[in-house]
Amino acid sequence: MVSKKKKKYSSGEGAQFMTRKAALKKLQLSLKDFRRICILKGIYPREPRNRKRAQKGAGGIKTLYHTKDIKFLLHEPIIWKLRELKVYQQKIRRARAMREYKQMKKYLRDHPQINIDHIVKERYPTFVDALRDLDDCLTLCFLFSTFPSLKKVPRDQSMLCRRLTVEFMHAVIAAKALRKVFVSIKGYYYQVELEGQTITWIVPHHFSFQPQSKDEVDFKIMSTFVDFYTMMLGFVNFKLYHSLNLVYPPKLTAAFSADTDKDLIDEHVYVAERIAAMNMSLSKVAGANEAEDLPEIDIFNTEDEDPQKLEEAKLEAEKVKKLKTMFKGLKFFINREVPREPLVFIIRCFGGEVSWDRDHFVGATFDESDESIAYHIVDRPSMDKQYLSRYYVQPQWVFDSVNARTLLPINQYLMGAVLPPHLSPFVDKTKDQVYIPPEERALNDPDFKPLDGNESGTDIEEASDEDKDDEEEEDSEEDGDAEAALAKQYQQEVEEDSTSDEDDSVDPEKKKLAKEKKKAMAVTAGVPHKEHPYQKEIEDKQAFRLREKLVRKKHRNLYKSMKAGQEKRKKEIWLLRKKRRLHDEKVKEEKKVEKRKQKVQALEASA
Amino acid sequence: MPPFRSGLLKRKSSNKESNSSDSEKVPDQSDEGSGDEELIQGALNGEDDATDSEHEEESGAASDQEQDAVLFDDSADSTFGDDEQVDNDSEGSSDLTDSEEESGDENDGSSETDEESVDSGAESGAVQTPSGVSDASDTEKKDTKQKPRKTRQAKPKSETTEASIDRLADTIGKASVKTQPVEKKDEYESGDTSDEEDRRTTVGDVPMWWYNEYPHVGYDLDARQVLRPPQRDHIDDFLKKCEDPDFWRTVRDPNTGQDVVLSKQDLELIRRLREGHVPDPTHDEYQPWVEWFSREVLATPLRAFPEHKRSFLPSRSEQQQIGRIVHALKMGWTKTRKQLAEERRKKREKQFYNLWGSSEADPAQRGLQRHIPAPRRALPGHAESYNPPPEYLLDKQEMKEWDKLSETPWKRKYTFLPTRHSSLRAVPAYERYTRERFLRCLDLYLAPRAIKMRLTITADDLVPKLPSPRDLQPFPTTEVLQFKGHTELVRSVDFDPTGQYIVSGGDDGTVRVWECSSGRCLRTLRAGAGAGAGVARVGWAPSAALALVAAAAGRALLLLAPGAPAVAARLAERTDRLLEAAPPQHDVTVDERTSSCAQWQHVAPEQWAQGVRISIQHFKPITHLAWHARGDYVCVTLAEAASRAVVVHQLSRRRSQLPFSRNKGLVQCALFHPTRPQLFVATQRVVRVYDLVKQELVRKLLTGAQWISNMAVHPGGDNLLVSSYDRKCIWFDLELSSKPYQTLRLHGGAVRSVAFHRRYPLFASAGDDDKIVVSHGMVYNDLLQNPLLVPLKQLRAGGRRSELCVLDLRWHPAQAWLLAACADHTLRLYA
């Protein structure tokens, strides 16, 4: 008997993947519903190892899903809900067509909603999983909280987003979890650390909503995402509040102030507004432990970790602890023109007290006239009435201070001053081949002098500095400053060595011979043999070049491409350095001209 | 009750009372009329009615007045008329159009009675309807038609009882004033009595023919007979027709039998009815509508009659119904709309709870297999700052490039244009923000995901970690000496076993002996003079007991004595002695194949004087030669010699051997194993190792090279280095495998020569690029440890001549000195 011939693509990669069309057919869903369920369930196409085989021999590029994923969807109860929803839509459509508006209205009123709690749990089995995936969720929710009601975005969705984001920010304030902030041209970046997970999100600048053409943005898709994200964020909020011993639908601790003796028309709205102001702490669960500062991190000498790493971790923990109470006891006043919400959020995260003009927004706690205000944040060139007891700083000072983890000196950030560049805290400094702007270098080591010094007396020094820099650029661009400095030191040592005993050269016999000869002839003053200062490096480089040839054939292309990447980055850094240098020179020149002009003017005035 | 209905009802009632009371009708009139005007009308009812005769129904008094006027005429007529005529007239009046024709028709009693009964029925029906005529504007025409007849019906009666009616009117007028409140009360109680209102005779409800025989018709209040009006016959009629100018408009009241002359107004009314107009000429069909029953609360009620008790008392059944609903609400069985809406809102509101609980999730929860989490978005760099360092802003040239790439924005350096804002308040909203978020959403659900291993290594990690060359000294680092003397390129060099002397051979056909330390040329031997070819290879006999140099000059292999100044005289002498006497002819006969390949020739004395000790002629040019370690055997490789490419010569017995009988390929070179009786033969691509004792192939080494150029055996004998023309040096660890242990690509051109140092773990390779590479090649005694190969130094070789650079390499036997035979006619010594 002849055994049955195995069909092609019935096993292996061909059976593992399924095109989208096949998936639609299998699930008996329309594309719209399929899209929705994919978004809700987090199903995504997969890239096959071998596309030809995965597409069962078909050409072109198709969207491929894992067959197992589709089978997984097949058991989802929501699919049935979607089908019922389809029937319901038909009912509504029919009622409209039959002009039974009353019925239609009723249908619309009782429109069924899909409950997706179980999906949140399913997609994120643990809380930490959910936190890990919170970046997109927060970014989208913060965006939607600024949206007006649109055709595809119901009003209550954006309201819910607003509520949840405010709740989340409160949780961050309570947990003091904010670590980094950054003002970009796109919006405000925040980075928090919750349960050991770093979460980064963006909040757009004011008036972020702009009408979008249909082919640019499909709000329906975003709305579906937000449907899921609000659910997820709600549960995350609940859990966060729970772990922080806060009452979940947040409530204010402070009693209503005196001016609220009259009846509140809507207490709910009143409280919600105060909560959104983020200026008051939320009420805790009764009987919760007040003292919940984290215990000191005990460092155990585990064998696998080297002590240096532990030391670093300890330092980092210390720094973070300091950061958490950076603004503690300081009173801030926010002027009208300054974006209120980001600043209040940041200042409160680090323990500061903050207030603003009473007419500006609800929830102000003290007036501008309060003498104990330490910092007044203004974003205008000048002010009529100024108090002597406080500093008038620009908002960038707050952001930069947070990133620097100390209160920066305010002299560069005073009202009306030209601000220093605002640097991103997200650049990974541990990586090599990263361009570090001089401002940041100055921040890291206080000895470093930025090139655009303000004093004219230090011109010469600067020049020498520059020269040194250039040298460094030439020989060791890819290394950090420390390495460069070390290399330099070593070179010098080598030089000294070589000058001290130049006789230790390559073939001693010959030299000796020659010396004897010379001695026999005459005694002349010895000329110190000057070894090439980079001799050693050249040798090393040569040796390295030889070793490079021993890279295995398997890795050769990879090595080449890596090298090419290194070269590219090197070039970029070089370009940035050059641009900076040119810019600085230009600025200096301008300053000189300015000074000369002033001098001339002064002379003229005196004459 | 809807307003129009109430209006109807009220009209009815007013009609009932039309004779008796004026004041009653005031609201009615105001009802039909418009605004203030009507109200005034109501107040001045009497005068109004006097002028307007057609408002008979509305105002009983007015109609009475008019009737009075008519009565005069009728009374005059009544003298002629008889009872019969009345009926006829009445008949005619019922059908006004043909009253004249029918006047001639005299009816018999029975028919008359029929008519009467019908009429009365019609009247009773009509009684109600006329009320609607004047009241509502949209009453039927049929009703309006009947109205005039009804009015006429009223007239005869008033005529006959003029005095009584006057009185009656007076009494009614008084009574109406008096009884108004009372009447109002039982207006609805009394029921519908409208069928009595037009009865002006006192006969009661009996057929009129009962009175046919009597001169009177009923009795008045004082019980006197009411005389019948005079009846007329046809002649009277005719006469009257001739005489009376008003005859055409005289009709007979069937009830009373009186003649009634229609007034001008009546005629007008009839005309209007015929034409289908509203009978009232003053009626304005299009007068403005006044919303009487509006939500506005008026100071005075519109309706003058009291509400029914029912309207004050709560309905019992409704009360019960409400009670049931209230109970249901109380019990929570039903809910109010507000509650329902609230519930609906609550249901719609998302409820959050502790989803994750306190326990850890079971790992089987997640259904998605091999989940690949979406990669996070890249974090922003300095360029994205609202106030970036100046170097990140694009300068003019970069801007130009930026603009040029507007069609292909993905090729740009940044996805955004770095911009500097002087202060935070100047930062606008980012235009593409929503779009970017949308694209991220698309990525999340639409982009195919795959796990890609990211390299965590740096490029330097790929470079093997090797000890620093500084730790592996000594090795030659610089060029020390150049040996000049050759006039053509130097093909081959070799050290003598002590390392004091160097022998070299080149294309100029000379073999030169040099002193190593001084670089002096001690002796020059013309080897290839006879053959006319250069010296391809030279080799100093490795045995310390012999002072002999082998030189391959063309087809001849010459064994030369390097000469007295070069070598200690005693050694040279001994060697000479050894070679002088030819050994005894050995018993083994040399076969034809070997003898035709290599022939040992007798050395002529003059040749002997030149230094040639032995000469062996081959049938093909020699490409390579190698000494056995003991110095007794020389292995020669011949070019294009097929199976006879390798020839082994034994000096002691002056014998040649052909180890191979079959062609195994193009033999490049052949070497002896330093200790074991083995022979390495390199063909174009493989190296074969033969055991010379057992005469068998030991192993075959696959080099992977395209064309082998040379090879060298490690002094230990277990490692082999093969060089190839395709730029490779291939290290074989014979203990390990027959595949290369390592392939070194250290050269940019073909590698022509490799050499092992005899004492130090060094080897060198050189070829067509101008670099000699000295490497460390450590072989350990421990079998488990693989050899360590470290390239140490690149030495600059001499200048290249026509693609050739270095042709041969040799190490000094004791020192870490390297000797290279260069194409620029020199030998170079590196130390």
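The exercises below, each with a worked solution, concern a predicted model with chains A and B.

**Exercise 1. The parallel sheet of chain A**

Determine the strand order of the open four-stranded sheet in chain A, and state which strands form its edges.

Solution. Begin with the order, which is S7-S6-S8-S9 in chain A, with parallel pairing. Next, look for strands that pair on one side only: these are strand S7 (353–356) and strand S9 (391–393) of chain A, and they are therefore the edge strands. From one strand to the next, the twist averages 25°.

Then examine one pairing in detail. Strand S8 (residues 375–377) of chain A runs parallel to S9(A), and three bridges join the two. Within this pairing, His376(A) has Tyr392(A) of S9(A) as its bridge partner.

Helix H15 (residues 340–349) of chain A lies across S6 (331–334), S7 and S8 of that chain. Relative to S7(A), helix H15 runs at about 160°.

**Exercise 2. A salt bridge within chain A**

Identify the salt-bridge partner of Asp370(A), and explain why the pair ties together separate parts of the chain.

Solution. The partner is Lys331(A), and the closest N and O atoms of the pair are 3.0 Å apart. This distance falls within the 4 Å cut-off for a salt bridge. Now place both residues: Asp370(A) is in the loop between S7 and S8 of chain A, whereas Lys331(A) is in strand S6 of chain A. The two parts are 39 residues apart in sequence, so the pair ties them together. Over all chains, the count comes to 50 salt bridges.

**Exercise 3. The interface between chains A and B**

Describe the interface of chain A and chain B by its contacts, buried area and polar pairs.

Solution. Start with the contacts: 125 residues of chain A touch 97 residues of chain B. The area buried between the two chains is about 9,700 Å², and carbon and sulfur atoms give 60% of it. In chain A, the residues that lose the most area to chain B are Ile185(A), Lys186(A) and Leu550(A), which together account for 9% of what that side buries.

Proceed to the polar pairs. Ten salt bridges are found across the interface. One of the salt bridges in the model links Arg425(B) with Asp379(A), their closest N and O atoms being 3.6 Å apart. Between chain A and chain B, 41 residue pairs are in polar contact. By class, the side of chain A that touches chain B has 61 nonpolar, 26 polar and 38 charged residues.

**Exercise 4. The antiparallel sheet of chain B**

Give the order of the open four-stranded sheet in chain B, and locate the residue opposite Arg688(B).

Solution. The order is S19-S20-S21-S22 in chain B, and the pairing is antiparallel. Strand S19 (669–672) and strand S22 (696–702) of chain B are the edge strands. The twist averages 20° from one strand to the next. Six bridges join strand S21 (residues 686–691) of chain B to S22(B). Opposite Arg688(B) stands Lys700(B) in S22(B).

Key
Residues numbered from 1 in each chain as written. Chains lettered and ligands numbered in written order. Predicted model: local features only at pLDDT ≥ 70, side-chain atom pairs only at ≥ 80, totals over all residues. Heavy atoms only, no water. Pairing = 2+ DSSP bridges. Axes fitted to C-alpha atoms, helices over the stretch in contact; angles between N-to-C directions. Contact = heavy atoms within 4.5 Å. Buried area = accessible area lost by both parts, 1.4 Å probe. Salt bridge = Lys/Arg side-chain N within 4 Å of Asp/Glu carboxyl O. Polar contact = N/O pair within 3.5 Å; in protein donor to acceptor, adjacent residues only side chain to side chain. Nonpolar A, V, L, I, M, F, W, Y, C, P; charged D, E, K, R; others polar.
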